[in-house]
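Please read the points below with the model open beside you.

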Amino acid sequence: MSHKQVGAPPGESAVDWCLYQLNGAAEFEVSEADIISTVEFNHTGELLATGDKGGRVVIFQREPESKNEPYNQGEYNVYSTFQSHEPEFDYLKSLEIEEKINKIKWLPQQNAAHSLLSTNDKTIKLWKITERDKRPEGYNLKDEEGKLKDLSTVTSLQVPVLKPMDLMVEVTPRRIFANGHTYHVNSISVNSDCETYMSADDLRINLWHLAITDRSFNIVDIKPANMEDLTEVITASEFHPHHCNLFVYSSSKGSLRLCDMRASALCDKHSKLYEEPEDPSNRSFFSEIISSVSDVKFSHSGRYMLTRDYLTVKVWDLNMETKPVETYQVHDYLRSKLCSLYENDCIFDKFECAWNGSDSVIMTGAYNNFFRMFDRNTKRDVTLEASRESSKPRAILKPRRVCVGGKRRKDDISVDSLDFTKKILHTAWHPTENIIAIAATNNLYIFQDKVNSEMH
Amino acid sequence: MFLTPVVPHRPFYNLDTMFVRGLKRKCFDGEEDIEGTLAGIKAIPSYNLQRQSLLDMSLVKLQLCHMLVEPNLCRSVLIANTVRQIQEEMTQDGTWQMINTQSTGQASLDRLVSTDILCRSSREQAEGKHVPGYGTFSKDFEGDQAQDSSETMSTASSVQAPRNLQSDVWEMENPQENKGNFQKSLDQIFETLENKSPNSVEDLFSEVDNSYYDLDTMLTGMMSNTKMGHCDGLETFSSPTTTTSNSNCKSDLNELDHIVEILVES
């Protein structure tokens with residue numbers, strides 16, 4: 001099965017992925033605070049934001065194409081770094097609130113400034129990113145450093161002019177949406193109306209207005225009257241990309257609920273429930289755990305939803321509630337290892353998933369720094385690796401294979417040799433081009449389609 | 001609503017098929033292969049052992065997960081559901097009845113309590129003290145409960161126990177009560193540490209009789225939580241409330257500095 005067919009538009013040449021750049025310290029220098037916890041492209045793909053466990057956000061900006069420097073085309077350089085969240089202590093519960101950035105979502109750009117929402121377990125913040133590349137010079141009363149001039153030296157009147165200066169990127173917190181959540185926030189999603197957004201924790205979903213921080217509407221509440229009856233939690237949620245009244249949320253039991261905010265103020269009653277009946281032949285004590293949905297993403301078209309559970313990714317058609325239209329095995333060879341993975345807690349790892357710009361290819365991470373891509377049209381899939389050893393700059397990534405016994409080819413890796421501490425949980429795909437960002441512990445890998453990168 | 005029942009429709013799993021398929025060879029990966037239907041029948045005790053081991057592991061995970069930082073609710077719910085599934089299957093099997101007939105309701109509560117032996121000092125274990133740390137259920141049973149706990153390390157819990165355990169694990173709604181419970185848990189941890197000023201997590205557990213539990217399992221359950229270093233901060237936070245006769249002045253001063261540091265940074 002040739003990997004080259006994955007991602008290629010019909011009739012065109014195949015996609016070859018190659019490492020474009022790698023940011024981050026070598027692995028022996030890793031501190032826990034540097035571990036990347038979220039990755040997100042903005043709506044044009046010009047900016048790429050990452051959040052880490054230490055509460056910092058780093059924004060990369062893509063260099064504009066220019067004929068003068070053909071080899072620097074499309075490189076993502078650090079644009080800004082700021083501390084988004086700090087660790088806090090909840091005195092009432094005697095517990096720490098981690099500063100880890102769980103999610104970043106960009107707002108659609110409405111003026112020269114960029115805005116993004118970042119959230120930790122409890123507090124969501126709206127940040128405004130502005131550029132300053134000019135400054136006024138030639139004040140009458142003040143000198144260059146801002147000190148008042150001796151008035152006797154002022155003999156003529158001048159008009160201050162704007163002179164160019166070195167680019168300065170300023171990031172300011174514009175809103176802080178605090179005290180909205182009792183439980184841990186797992187997702188945020190900006191509405192297509194660009195005025196509201198939602199934040200979801202384990203048991204509740206709140207709707208906020210971007211300009212109002214002192215109140216929010218609770219639109220979903222699945223907390224039972226008696227906490228002893230709790231058997232299901234919310235794991236992820238997202239607004240529909242085009243219909244501002246629709247949103248979906250996933251649960252730890254593997255179901256999806258599509259809700260319509262026009263139906264009622266409290267959207268506890270779903271409009272549609274998407275659930276696949278479980279396969280009795282595969283039933284085990286771990287069935288429920290591996291069915292828990294760790295991520296849900298609408299396709300760009302808005303017609304499909306992509307979900308990730310522990311062993312598979314599934315594509316759901318909004319019009320069909322009984323089962324997914326497509327199911328792809330990410331690492332089925334782990335099915336016989338579930339007890340060990342339960343013991344070491346890996347079974348609770350939350351992998352994300354992503355669509356490419358045309359909704360033809362889906363991507364998700366796995367263990368051993370592997371990530372997988374599935375072409376929905378050709379039904380071909382590929383496993384690639386994000387590691388320093390196997391990625392020389394501009395060299396085409398070689399597909400990897402996990403062997404489960406039986407015949408073993410050269411360069412295959414056996415299931416027992418997989419490194420479960422090297423997990424690719426966070427991946428992002430450029431909104432329009434074949435550029436992907438992969439977070440491997442503290443390293444950010446950016447891979448591009450070789451054809452793409454050579455064209456510039 | 002959407003709370004679907006966990007109970008499987010079939011009363012028993014097809015053990016033969018399971019072993020032939022290798023589905024249940026979970027906790028003993030890498031051990032000798034069990035082949036054939038005949039072997040499947042012979043392996044039934046092994047299945048029970050595995051199931052019991054899974055139950056124990058799950059209970060340990062639930063106990064460990066709310067020691068330091070706020071527990072991951074999703075993980076707790078999934079583990080609790082697993083415990084319930086096992087317990088329901090054991091009830092249908094009849095193996096649950098066997099365990100229950102060995103004790104009264106009160107004693108089985110003690111057995112559940114004894115799973116938090118991990119946080120007790122060895123001194124407390126010897127005295128057989130009733131540990132209130134992990135219990136909103138202790139509140140429920142307060143009126144008619146003897147305050148001694150059995151020395152048995154069995155983790156077989158009463159049918160009620162998972163429910164109580166659940167409410168205990170994620171009932172964050174009553175902060176005062178939980179603060180009290182958590183404070184007591186911290187006191188226990190602190191007391192354990194007082195005895196020998198350990199420097200690592202391993203020392204915390206070294207005095208505990210862990211013959212029943214795999215130490216790796218406990219530590220693995222622990223590893224999923226972040227920031228071992230913060231254990232220091234939380235201990236010192238609770239230290240003023242604990243009266244310890246054998247604490248030395250030097251450690252008190254260091255702890256005081258530590259508390260001030262935390263308060264200032266917060």
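1. A:Asp309 counts as buried at 7% relative accessibility, where buried means under 20% relative accessible area, exposed over 50%, and partly exposed in between (1.4 Å probe, protein chains only). This is a predicted model, in which local features need pLDDT of at least 70 and side-chain atom pairs count only at pLDDT 80 or more, while totals for chains, interfaces and linings use all residues. Residues are numbered from 1 along each chain as its sequence is written, chains are lettered from A and ligands numbered from 1 in the order in which they are written, and side-chain values use heavy atoms, with hydrogens and water left out.

2. A:Asp309 forms a salt bridge with A:Lys314, the closest N and O atoms being 3.6 Å apart; the term denotes a side-chain nitrogen of Lys or Arg within 4 Å of a carboxyl oxygen of Asp or Glu. A:Lys314, buried with a relative accessible area of 15%, also forms a salt bridge with A:Glu276, with the closest N and O atoms 3.1 Å apart. A:Glu276 is partly exposed at 33% relative accessibility.

3. A:Arg372 and A:Asp381 meet through their side chains in a salt bridge of 2.7 Å, N to O. A:Arg372 is buried, with a relative accessible area of 9%, whereas A:Asp381 is partly exposed, with a relative accessible area of 24%. Elsewhere, A:Asp34, A:Asp52 and A:Arg56 are joined into one network by salt bridges that share partners. Over all chains, the structure holds 31 salt bridges.

4. A:Leu151 counts as exposed, at 59% relative accessibility.
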